[in-house]
Every structure is written in structure tokens, then in C-alpha cells.
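Biologist: I am new to this structure. Please walk me through how to read it, feature by feature.

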Amino acid sequence: MLRDPVSRYLSEWKHVQRGATWKTSLHMCDGRSPTPDELPTCYPGDDWSGVSLREFMDCSYNLANNRQVRMLADLSLVGCYNLTFMNESERNTILLQSAKNNLKNMAFFGLTEFQRKTQFLFERTFNLKFISPFTQFNITRASNVEINEGARQRIEELNFLDMQLYEYAKDLFQQRYHHTKQLEHQRHRQKRREERRLQREHRGHRWPKEDGNTEGAVTEDYNSQVVRW
């Protein structure tokens, strides 16, 4: 499931602000975890409770930045968390393309802002049916956060790879949705044609029986004539 990068970032900030941490995450890549020098922490204590949005954005090692690209990409292509493995521009290009390729090769993915379409694609992809329909919740903790335009632009800059990935994901998602819809319409048309064909065949099977009745009536009339003769 992918989410609008700004909303996702704000949601993670609020989650961290309430005391959430990822200390148990090993961030394994190529068989090892990153060293403290490769992935420093953004806070000195046990957690980052009460962190302001500005402090959250100011940490250059914050894994909230471009999280969706990083979670989808093959990090081994860029030396994992070793930022000296290649220059930043090349690293970003490879990460974004890797994330796009992996997303495209997935049998299914959804978007949180299109819950009903996501349900439709999931059910058609895996031939499963949910008991109840998905509900579109547009009011979230992130939506209740009021930020100025400057803060929004800063979040978009920090998540510029996620912004590009999400635009690609939305386009790919809509393509899959419309393609699946077309296939379903074709199946329905084919089913209706088959039903009409069966109905015609069924009506056709009744005609010989009616003809047989006619022949029976003619035979009876012929026999009565023979007796009279």
C-alpha cells in the first residue's frame, strides 16, 4: 500500500512524536546491518517523544525521508546505507528506478486514497471476495495537522523521490484498474452472448417435438382414411 508522501510523512512524525521507535529494526542489507556511522540516530534518548516538525525535518539521517522508495528499492544496488559508495545524484536515480521496477513487477499494490478501487483490484487479482467493502477514510491524524505552505514544500523536497514514485504509482494503478475493468466487461459480454446462444439452442430443441406432434396428427388422419376405405 502506497500513500501520498506528504500525508505519510506527517503521519510518521505524529507517530514518532507519541513515542514510537524502530529500534528493533535491523535494516539488514547484503547480510549485515548498517554501522552507527552509516546510520546515525536522530535523538540521544530512548525515543523522540515530543519532537517538533521542524526538528523532525532537520535530521538528515531521518529514515522517514523517502521511506517508500527505500522500502521498495534494492538497496544493495547503491551500497546499502553507505553513502560514500557513489555520488548522491547517481544513488537517487538508481533507487527511484529500482523502486519503480519492483512496484511494476508486483502482482498487486494499492493506494490508500483509492480504497474501493484497491479492493476491486485485490479481489480480481487473487479471486477473493471481502466480506464487507473497504471504507474511504479521508480524516486521519495527518489530515488534522495544519502546516503552512513553506513546511509543505520542505516536506516535498525531503521526499522528492517518494513524490516521483507516487506519481508513477498513481498512473500505473489507474492503468491496472481500467484494464481490469475492461476485462470484466468483456467477460460479462461473453457470458451474455453465451446465455443467448444457449437460449436459442433450447428453443431450437422444442421445434422437432412440435413437428412430431404434427406428423402424429397426419398419421392418425391417414389411418382413419384407410379404415374408411
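**Reading the fold**

Modeller: Start with contacts, meaning heavy atoms within 4.5 Å. Of the contacts in the protein with a separation of 6 or more, 69% are between residues 24 or more positions apart. This is a predicted model, where local features need pLDDT of at least 70, side-chain atom pairs count only at pLDDT 80 or more, and totals for chains, interfaces and linings use all residues. Residues are numbered from 1 along each chain as its sequence is written, and side-chain values use heavy atoms, with hydrogens and water left out.

Biologist: How many helices and strands are there in the protein?

Modeller: Helices (H or I, at least four residues) and strands (E, at least two) are DSSP runs, numbered from the N terminus. The protein has 7 helices and 0 strands. From the N terminus, the order of elements reads α-α-α-α-α-α-α.

Biologist: What share of the residues in the protein is buried?

Modeller: Buried means under 20% relative accessible area, exposed means over 50%, and partly exposed lies in between (1.4 Å probe, protein chains only). Here buried residues make up 32% of the 229 residues.

Biologist: How do I read two packed helices?

Modeller: Two packed helices are described by the angle between their axes and the distance between the axes. Axes are lines fitted to C-alpha atoms, for helices over the stretch in contact, and angles run from 0 to 180 degrees between N-to-C directions. Take helix α1 (residues 5-17) and helix α6 (residues 149-158): they pack at about 100°, with axes 10 Å apart. Angles under 35 degrees count as roughly parallel, over 145 as roughly antiparallel, 65 to 115 as roughly perpendicular and the rest as oblique. So α1 and α6 are roughly perpendicular to each other.

Biologist: Which residues in α1 and α6 meet?

Modeller: From α1 come Val6, Tyr9 and Leu10; from α6 come Arg152, Ile155, Glu156 and Leu158. This contact of α1 with α6 holds 5 nonpolar, no polar and 2 charged residues. In that sorting, Ala, Val, Leu, Ile, Met, Phe, Trp, Tyr, Cys and Pro count as nonpolar, Asp, Glu, Lys and Arg as charged, and the others, Gly among them, as polar.

Biologist: How many aromatic pairs are there?

Modeller: Rings of Phe, Tyr and Trp (its six-membered ring) pair if their centres lie within 6.5 Å; planes under 30 degrees apart count as stacked, over 60 as edge-to-face and the rest as tilted. By this rule there are 11 aromatic pairs. Tyr9 and Phe56 form an edge-to-face pair, 5.2 Å centre to centre with 65° between the planes. Tyr9 lies in helix α1 and Phe56 in helix α2 (residues 53-58), so the pair ties together parts that are 47 residues apart in sequence. Tyr9 and Phe56 are both buried. Phe109 and Phe173 form a tilted pair, 6.2 Å centre to centre with 55° between the planes. This pair links distant parts of the chain, 64 residues apart: Phe109 is in the loop between α4 (88-104) and α5 (115-126), and Phe173 is in helix α7 (residues 160-228). Phe109 and Phe173 are buried.

Biologist: Which residues do ring pairs link into a cluster?

Modeller: The cluster consists of Phe108, Phe122, Phe126, Phe130 and Phe134.

Biologist: Which charged residue lies over the face of Trp22?

Modeller: A charge sits over a ring if NZ of Lys or CZ of Arg is within 6 Å of the ring centre and within 35 degrees of the ring normal. Arg67 lies over the face of Trp22, 5.3 Å from the ring centre. Lys117 lies over the face of Phe114, at 5.4 Å from the ring centre.

Biologist: Is Asn66 buried or exposed?

Modeller: Asn66 is buried, at 11% relative accessible area. Asn66 sits in the loop between α2 and α3 (67-72). Its phi is positive, about 55°, although Asn66 is not a glycine. Cys80 also has a positive phi, about 60°, and is not a glycine. Cys80 is in the loop between α3 and α4, and is buried at 7%.

Biologist: Which residues is Val69 in contact with, leaving aside neighbours within four places in sequence?

Modeller: They are Leu95, Leu96, Ala99, Leu161, Asp162 and Leu165. Val69 belongs to helix α3 and is buried, with a relative accessible area of 1%.
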